[in-house]
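This note sets out comments on the model shown below.

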Amino acid sequence: MKMRHVRAIAVAAVAVVALTGARGSGGGGCDNSSSGSSGGSSSSGGSDHNDNGSSSGGSLPGGSSADKAIRDVTIDECKYDQATKKLVARITVKNDGSMDYDYNVTMKFKGAAGGSVLPATAIKAGIAVAAGASASAEVSTPYIGTGDGSEYTECEVTRASRF
(Lines give C-alpha, C1' and ligand atoms only; values in the text may rest on other atoms or scores of the structure.)
Protein backbone atom coordinates (compact mmCIF):
# COMPACT_ATOMS: atom_id res chain seq x y z
CA MET A 1 0.00 0.00 0.00
CA LYS A 2 1.42 3.37 -0.94
CA MET A 3 2.32 5.76 1.89
CA ARG A 4 -0.21 8.28 0.56
CA HIS A 5 -3.07 5.79 1.08
CA VAL A 6 -1.85 4.83 4.55
CA ARG A 7 -1.71 8.52 5.49
CA ALA A 8 -5.24 9.13 4.17
CA ILE A 9 -6.57 6.17 6.12
CA ALA A 10 -4.81 7.36 9.28
CA VAL A 11 -6.19 10.88 8.91
CA ALA A 12 -9.70 9.54 8.34
CA ALA A 13 -9.40 7.21 11.31
CA VAL A 14 -8.36 9.91 13.75
CA ALA A 15 -10.93 12.44 12.54
CA VAL A 16 -13.98 10.30 13.37
CA VAL A 17 -15.41 10.46 16.85
CA ALA A 18 -18.20 8.30 18.15
CA LEU A 19 -20.61 10.35 20.21
CA THR A 20 -21.95 7.40 22.15
CA GLY A 21 -18.99 5.03 22.02
CA ALA A 22 -16.31 3.79 24.45
CA ARG A 23 -17.52 5.07 27.77
CA GLY A 24 -14.49 3.84 29.68
CA SER A 25 -12.18 5.54 27.22
CA GLY A 26 -14.05 8.81 27.16
CA GLY A 27 -16.31 8.21 24.16
CA GLY A 28 -19.11 10.72 24.23
CA GLY A 29 -22.73 11.28 23.52
CA CYS A 30 -24.69 13.89 21.68
CA ASP A 31 -26.97 14.37 24.65
CA ASN A 32 -27.90 17.10 27.07
CA SER A 33 -25.12 16.39 29.54
CA SER A 34 -21.76 18.02 30.04
CA SER A 35 -18.36 16.46 29.73
CA GLY A 36 -17.08 14.24 32.50
CA SER A 37 -13.82 13.02 31.01
CA SER A 38 -11.60 13.27 28.00
CA GLY A 39 -9.90 10.88 25.65
CA GLY A 40 -11.48 8.95 22.87
CA SER A 41 -12.23 5.83 21.01
CA SER A 42 -15.01 4.79 18.72
CA SER A 43 -15.94 1.39 20.10
CA SER A 44 -19.25 0.98 21.88
CA GLY A 45 -20.26 -0.06 25.35
CA GLY A 46 -21.63 1.24 28.62
CA SER A 47 -24.54 3.54 29.27
CA ASP A 48 -23.05 6.58 31.01
CA HIS A 49 -24.09 9.79 29.25
CA ASN A 50 -21.58 12.16 30.86
CA ASP A 51 -18.67 11.47 28.55
CA ASN A 52 -17.24 13.08 25.49
CA GLY A 53 -15.45 12.04 22.36
CA SER A 54 -12.11 13.15 21.11
CA SER A 55 -9.92 12.80 18.13
CA SER A 56 -6.26 13.58 18.05
CA GLY A 57 -4.64 14.93 14.96
CA GLY A 58 -1.33 13.14 15.43
CA SER A 59 1.70 14.06 13.37
CA LEU A 60 2.00 12.31 10.05
CA PRO A 61 4.80 13.44 7.76
CA GLY A 62 4.10 15.18 4.47
CA GLY A 63 0.66 15.70 3.04
CA SER A 64 -1.19 18.79 1.92
CA SER A 65 -1.87 21.89 3.97
CA ALA A 66 -5.43 20.64 4.56
CA ASP A 67 -4.07 17.33 5.89
CA LYS A 68 -1.81 19.21 8.29
CA ALA A 69 -4.67 21.49 9.41
CA ILE A 70 -7.02 18.59 10.11
CA ARG A 71 -4.34 16.92 12.24
CA ASP A 72 -4.12 20.07 14.35
CA VAL A 73 -7.76 19.71 15.44
CA THR A 74 -8.78 17.66 18.48
CA ILE A 75 -12.44 17.06 19.31
CA ASP A 76 -12.85 17.48 23.05
CA GLU A 77 -16.60 16.99 23.30
CA CYS A 78 -19.66 16.47 21.12
CA LYS A 79 -23.14 16.81 22.53
CA TYR A 80 -26.65 18.06 22.10
CA ASP A 81 -27.15 21.23 24.12
CA GLN A 82 -30.74 21.20 25.31
CA ALA A 83 -30.62 24.83 26.49
CA THR A 84 -29.67 26.20 23.04
CA LYS A 85 -31.21 23.36 20.97
CA LYS A 86 -27.92 22.93 19.11
CA LEU A 87 -25.54 20.11 18.25
CA VAL A 88 -22.22 21.27 19.70
CA ALA A 89 -18.62 20.18 19.24
CA ARG A 90 -15.93 21.66 21.46
CA ILE A 91 -12.55 21.50 19.79
CA THR A 92 -8.95 22.41 20.49
CA VAL A 93 -6.70 23.56 17.67
CA LYS A 94 -2.98 23.19 18.35
CA ASN A 95 -0.51 25.04 16.15
CA ASP A 96 2.93 23.44 16.48
CA GLY A 97 4.26 25.57 13.64
CA SER A 98 6.46 28.64 13.74
CA MET A 99 3.84 30.93 12.14
CA ASP A 100 0.49 32.21 13.41
CA TYR A 101 -2.52 30.72 11.58
CA ASP A 102 -6.26 31.21 11.35
CA TYR A 103 -8.17 27.92 11.05
CA ASN A 104 -11.49 27.10 9.44
CA VAL A 105 -13.07 23.84 10.66
CA THR A 106 -16.08 21.94 9.28
CA MET A 107 -17.78 19.35 11.52
CA LYS A 108 -20.36 16.77 10.55
CA PHE A 109 -22.82 15.28 13.06
CA LYS A 110 -24.12 11.90 11.89
CA GLY A 111 -26.47 9.16 12.99
CA ALA A 112 -25.83 5.44 13.21
CA ALA A 113 -24.76 3.68 10.02
CA GLY A 114 -27.79 2.64 7.99
CA GLY A 115 -30.05 5.01 9.92
CA SER A 116 -32.31 7.65 8.44
CA VAL A 117 -30.78 10.68 10.18
CA LEU A 118 -29.67 13.41 7.84
CA PRO A 119 -26.16 14.61 8.65
CA ALA A 120 -25.87 18.08 10.14
CA THR A 121 -22.92 20.29 9.27
CA ALA A 122 -21.35 23.07 11.32
CA ILE A 123 -18.58 25.47 10.30
CA LYS A 124 -16.35 27.62 12.46
CA ALA A 125 -14.17 30.13 10.63
CA GLY A 126 -11.32 32.31 11.77
CA ILE A 127 -10.02 30.43 14.80
CA ALA A 128 -6.82 32.38 15.48
CA VAL A 129 -3.96 30.29 16.88
CA ALA A 130 -0.55 31.76 17.59
CA ALA A 131 2.62 29.84 16.72
CA GLY A 132 3.30 27.13 19.29
CA ALA A 133 -0.05 27.68 21.04
CA SER A 134 -3.53 26.15 21.27
CA ALA A 135 -7.00 27.64 21.08
CA SER A 136 -10.38 26.24 22.04
CA ALA A 137 -13.52 26.83 20.02
CA GLU A 138 -17.11 25.72 19.84
CA VAL A 139 -18.59 24.56 16.55
CA SER A 140 -22.37 24.30 16.56
CA THR A 141 -25.40 23.97 14.34
CA PRO A 142 -29.10 24.20 15.15
CA TYR A 143 -30.84 20.91 15.93
CA ILE A 144 -33.83 20.61 13.63
CA GLY A 145 -35.27 17.41 15.08
CA THR A 146 -38.09 17.08 17.57
CA GLY A 147 -36.40 14.67 19.99
CA ASP A 148 -33.51 14.89 22.40
CA GLY A 149 -30.69 14.75 19.86
CA SER A 150 -29.89 11.13 20.71
CA GLU A 151 -30.25 10.06 17.07
CA TYR A 152 -26.91 11.79 16.39
CA THR A 153 -24.30 9.25 17.42
CA GLU A 154 -21.10 10.46 15.80
CA CYS A 155 -19.25 13.63 14.88
CA GLU A 156 -16.18 14.13 12.77
CA VAL A 157 -13.96 16.85 11.39
CA THR A 158 -14.63 16.69 7.67
CA ARG A 159 -12.51 19.62 6.59
CA ALA A 160 -9.96 21.96 8.10
CA SER A 161 -7.80 24.63 6.58
CA ARG A 162 -5.34 27.15 7.87
CA PHE A 163 -4.12 30.39 6.39
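1. Terms of accessibility. A residue is called buried under 20% relative accessible area, exposed over 50%, and partly exposed in between, with a 1.4 Å probe and protein chains only. At 14% relative accessibility, Glu156 therefore counts as buried.

2. Basis of the comments. The model is predicted: local features need pLDDT of at least 70, side-chain atom pairs count only at pLDDT 80 or more, and totals for chains, interfaces and linings use all residues. Residues are numbered from 1 along each chain as its sequence is written, and side-chain values use heavy atoms, with hydrogens and water left out.

3. Glu156 and its partner. Glu156 belongs to strand 7; helices (H or I, at least four residues) and strands (E, at least two) are DSSP runs, numbered from the N terminus. The side chain of Glu156 is in polar contact with that of Lys110, at 2.6 Å. A polar contact is a pair of N or O atoms within 3.5 Å; within protein, one must be able to donate a hydrogen and the other to accept it, and residues adjacent in sequence count only if both atoms are side-chain atoms.

4. The disulfide. With a disulfide taken as a pair of cysteine sulfur atoms within 2.5 Å, the count comes to one. The bond joins Cys78 and Cys155, whose sulfur atoms are 1.9 Å apart. The torsion about the S-S bond of Cys78 and Cys155 is about 55°, so this disulfide is right-handed. Because Cys78 lies in strand 2 (residues 73–81) and Cys155 in strand 7 (residues 152–162), the pair ties together parts that are 77 residues apart in sequence. Cys78 and Cys155 are both buried.

5. The nonpolar core. A nonpolar core is a set of buried Ala, Val, Leu, Ile, Met, Phe, Trp, Tyr and Cys residues joined through side-chain atoms within 4.5 Å. The largest one has 27 residues, and those with the most contacts inside it are Ile91, Met107, Phe109, Ile127 and Val157. At least two residues of this core come from each of helix 2 (65–71), strand 2, strand 3, strand 4 (101–111), strand 5 (120–129), strand 6 (134–142) and strand 7. Strand 4 supplies the largest share of this core, five residues.

6. Aromatic pairs. Rings of Phe, Tyr and Trp (its six-membered ring) pair if their centres lie within 6.5 Å; planes under 30 degrees apart count as stacked, over 60 as edge-to-face and the rest as tilted. The count by this rule is three aromatic pairs. The ring centres of Tyr101 and Tyr103 are 6.3 Å apart and the planes at 70°, so this pair is edge-to-face. Tyr101 and Tyr103 are both buried. Tyr143 and Tyr152 also form an edge-to-face pair, 6.2 Å centre to centre and with 80° between the planes. Relative accessibility is 9% for Tyr143, which counts as buried, and 7% for Tyr152, which counts as buried. Ring pairs link Tyr80, Tyr143 and Tyr152 into a cluster.

7. Two loop residues. Where is Lys85 found? Lys85 is in the loop between strand 2 and strand 3 (86–94), and its phi is near 55°, a positive value in a residue other than glycine. At 44% relative accessibility, Lys85 counts as partly exposed. Thr146, in the loop between strand 6 and strand 7, is exposed, with a relative accessible area of 87%. Thr146 and Lys85 are 61 residues apart in sequence and 9.9 Å apart in space, C-alpha to C-alpha.
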